[in-house]
Amino acid sequence: MKRRMAIITTVLLSLSFVMLYPTLTYAAFDLDVNSDNIPDTSLSLKTCAGGGLCLDVSSNVVASRQIQVASQTISCPQLVPKPTLVGNYVGTAVSEAVVYYCQNQVPFVSIVDINAGTVAATTTSPQNKTNFYWDMVRDSSGKNHPFLANGYADDGSWGYLCVYKPSVASSAECGSGFVRINTVPQNTSRGIFRNFGGFTQDLDGDGWEDINLMYEFITVTVSANTQSIINQIDFDIAAATEPGSPLGFHSGRQYGEHIAVTGADGKLRDLMIGGIPVGSFTDPFCNVSRFVGVLESNPGQAQSRTLKWSKYLGFHSTIFSTTGDPALVSNPPISRPADMMNRCIMLFSDGRTKIGTNDAIIFNYFIQEQPVSNCVYEQYQLTVAPVWTTAKDTAWNNCIAQNLKSKGNWAMAAYRQSDGVGLTASGNNYIWGMSDKLIPSGQMIYLTEILPTSVTFDLSDRPLPKLEARTIDANGFYGYTGTFPVSARPKIQVTIPEKNRGMGAGSYFAELTTQDLDFDGLLEVQLENGQWVGYSSASNSFVVKTPNTLPRGNVDSVTNGVVTGWNYDPDSPTLSLTTTFFMEAPAETGGVFAGYGTINLPRSDVNQTYGITGNHGFSFNLPPQYKDGNAHKLYVYGIDTSFTNQYSLLTPSPISFVWTATTSPTSYERTVSVSSLEGLANKTLTGVITVLDASKNLVKSYPITTNSSGSSIVTFDIPAQTGYLQIKAAPFLAKNISVDLNSNVTYSFPALTTGDINQDNIINSVDFSTLNSKWFTNNSASDLNTDGIVNGIDFSLLNKNWFVRGD
């Protein structure tokens, strides 16, 4: 088996110039606008050529262009989701897109008809409000409905959201295409101060995702389907911990994360984690409220939602109001001491993991020895007239910031999602991130910084660590799988909160920066110093890995069927590269392979510009069938020298060209036959006959269908010449014979070899994989002997011809 796999690898590498697999390095076309399951379009927001904000459309399906959506733009007060598709609402063959943006910090949501190049609908916030929440919900048919909702600190003066529903009457407050839905909590004495964004979840089971909005002590769920509030739950996150405390004693702020999940028991859950993203060591407020808890409901029963469990950890700020508790009366009067940095929660990713068979919530938290200062005087001054002056606010914040240097112990804790039972905990460590794609076993790895018992909250007193890769077993015990070879903390990337993963306004999810640099199926982790570390199966350890740099180059011209240009690989600048040519569409989205060649022409200008040596120029003759007087598109790729399934699209691809047509010669007929078809009793097949010149360059191809005796008459419309005929038909390998088309004789092909199911001209594991997936079906492509069933007879034919290649 090892030998067979080695051969497969060699064959795949040798064929890589025609087997261009899509990778993360090429993502220009990442959306499928015509719903054929093939990515064909990329959308991005750019400054328009004449000013303002444009949706830049690059596509193989609709016209590539810029569509203006706004006259001016500045940064939004929160992260902006990328443009994406919503579905087909206007009745064309392609989907519309949604664009989120701001003008003077005021939010806008626009629906763009990318087929027509126009803005179909737009909504914005009332009264220039700049705190908001935007996202979209999916309906029962799969279409998306973008919405814009009231955001942080709204007390009901906004009090509604606008959702895109062009099928119903529009609301005046929202604009054409958008409908107004009330979001103000009903029948409550707790106040209606909006805390932050929200999250989506189908709470009532109608097939539509619903919109959850958080207020202090309240979560309101709104249905875009019924355009009404379908659930409102009032709760106190700290009631279970200290049931005798008055409402608000621990702050009712629902900041932090809200993650909608469905448990293994079918229950719908909202995982609430009052924390901040991992590595946020400059935030002395630390989410203000620190807690974990779960809201739970039965599927399809919105009103069954309850606070299943909660664990209150702490509250940052002092509240200046007496409660009648003599133990808490002081000067100035405070209702409770501030926790400052104590029990600050920091989340890596969204905190979800599995420990054994248990779905869990896992996080870091800080156990503070004592604050540097409790800042009671500074905060109290904010409440004394004149209240909240700039000077007082600065004094308070400066005081609080001292606590970033407070001493304590970083620890980890994990609770079961369903009931809050503690599954594991450990002190003296800080987890930076987790992934189940770092080692071959697929175990979840927690990248952990080992710490002593007393460190500063911001870890500024600690040297850079060598991270340990740890596992957690079913009993909650750590396991060790290796140590990173360099001292550095990981580079954290931002992931925007959206859909079922909601978070506080202006916040984000903190993820490891990862990439499969060497394409071994495992992820490497980028460190703050720029280095990448990943697992080496050869040494069974973590090692430093070097990122691959893709080829760079340029197509200079396409003239009279000749393509010229250059490219080189910065990782191997002395080597000449393989270049591939695809027609009409990118290689990943159905482009027609036109040929390949090796760069081997001198280009002193390129060498001088980039300080390299070697031959890096190319000249390629396009196949003559494109000499038809019609417009064509050419895509040119440089193939990486280190990883042959990696490539880059050379600028300025695609190139449009017209190659002047020539008059076709007088047609003539010739008879073609095949002696036999392996595995078949008759000789009937449908495929392609291709004429090759004496150098085996493509001249022209013709469809062919033979009769039961294997013969067919082909009408040629090219000058009669000496060269080759090639026959190719699924599932047979290509076969060449030398011919002289001037001679009117029967051109006979020997037996054709079967097994090339995917028609890449080699019989290998790709064909076996296809056949195996169709086992015991009547799939015609894999039924090599056409007996009506894919079985061992077909496999024996394929196995007999393993690694045989066609002409």
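Modeller: Ground rule for burial: a residue is buried under 20% relative accessible area, exposed over 50%, and partly exposed in between, using a 1.4 Å probe and protein chains only. Bear in mind that this is a predicted model, where local features need pLDDT of at least 70, side-chain atom pairs count only at pLDDT 80 or more, and totals for chains, interfaces and linings use all residues. Residues are numbered from 1 along each chain as its sequence is written, and side-chain values use heavy atoms, with hydrogens and water left out.

Colleague: OK, what makes Phe776 count as exposed?

Modeller: Its relative accessibility is 59%, and the cut-off for exposed is over 50%, so Phe776 counts as exposed. Phe776 lies in the loop between α5 (765-773) and α6 (792-800); helices here are DSSP runs of H or I, at least four residues, strands are runs of E, at least two, and both are numbered from the N terminus. Its phi is near 65 degrees, a positive value in a residue other than glycine.

Colleague: And why is Ala153 called partly exposed?

Modeller: Ala153 has a relative accessible area of 33%, which falls between the two cut-offs, so partly exposed is the label. Ala153 also has a positive phi, near 75 degrees, without being glycine, and sits in the loop between β9 (144-150) and β10.

Colleague: Why is the Tyr89 and Tyr164 pair called edge-to-face?

Modeller: Phe, Tyr and Trp rings (for Trp, the six-membered one) pair if their centres lie within 6.5 Å; planes under 30 degrees apart are stacked, over 60 edge-to-face, the rest tilted. By this rule the count comes to 39 aromatic pairs. For Tyr89 and Tyr164 the centres are 5.1 Å apart and the planes at 70 degrees, so that one is edge-to-face. Tyr89 lies in the loop between β4 (84-87) and β5 (96-103) and Tyr164 in strand β10 (residues 160-164), so the pair ties together parts 75 residues apart in sequence. Tyr164 is buried, at 3% relative accessible area.

Colleague: What makes Phe593 and Tyr596 a stacked pair, then?

Modeller: There the rings are 6.3 Å centre to centre with 20 degrees between the planes; the angle is under 30 degrees, so the label is stacked. Phe593, at 32% relative accessibility, counts as partly exposed, and so does Tyr596, at 44%.

Colleague: How do you know that Lys143 lies over the face of Tyr89?

Modeller: The rule wants NZ of Lys or CZ of Arg within 6 Å of the ring centre and within 35 degrees of the ring normal. Lys143 lies over the face of Tyr89 at 4.7 Å from the ring centre. Arg470 lies over the face of Tyr478 at 4.4 Å from the ring centre.

Colleague: Why does Cys54 count as buried?

Modeller: Its relative accessibility is 4%, and anything under 20% is buried, so that settles it. Cys54 is found in strand β2 (residues 53-59). Skipping neighbours within four places in sequence, Cys54 is in contact with several residues, among them Ser44, Cys48, Ile67 and Val69; contact means heavy atoms within 4.5 Å.

Colleague: What is omega for the cis peptide bond between Thr651 and Pro652?

Modeller: About 0 degrees. Pro652 is in the loop between β44 (647-649) and β45 (655-658). Ala730 and Pro731 are also joined by a cis peptide bond, with omega about 0 degrees.
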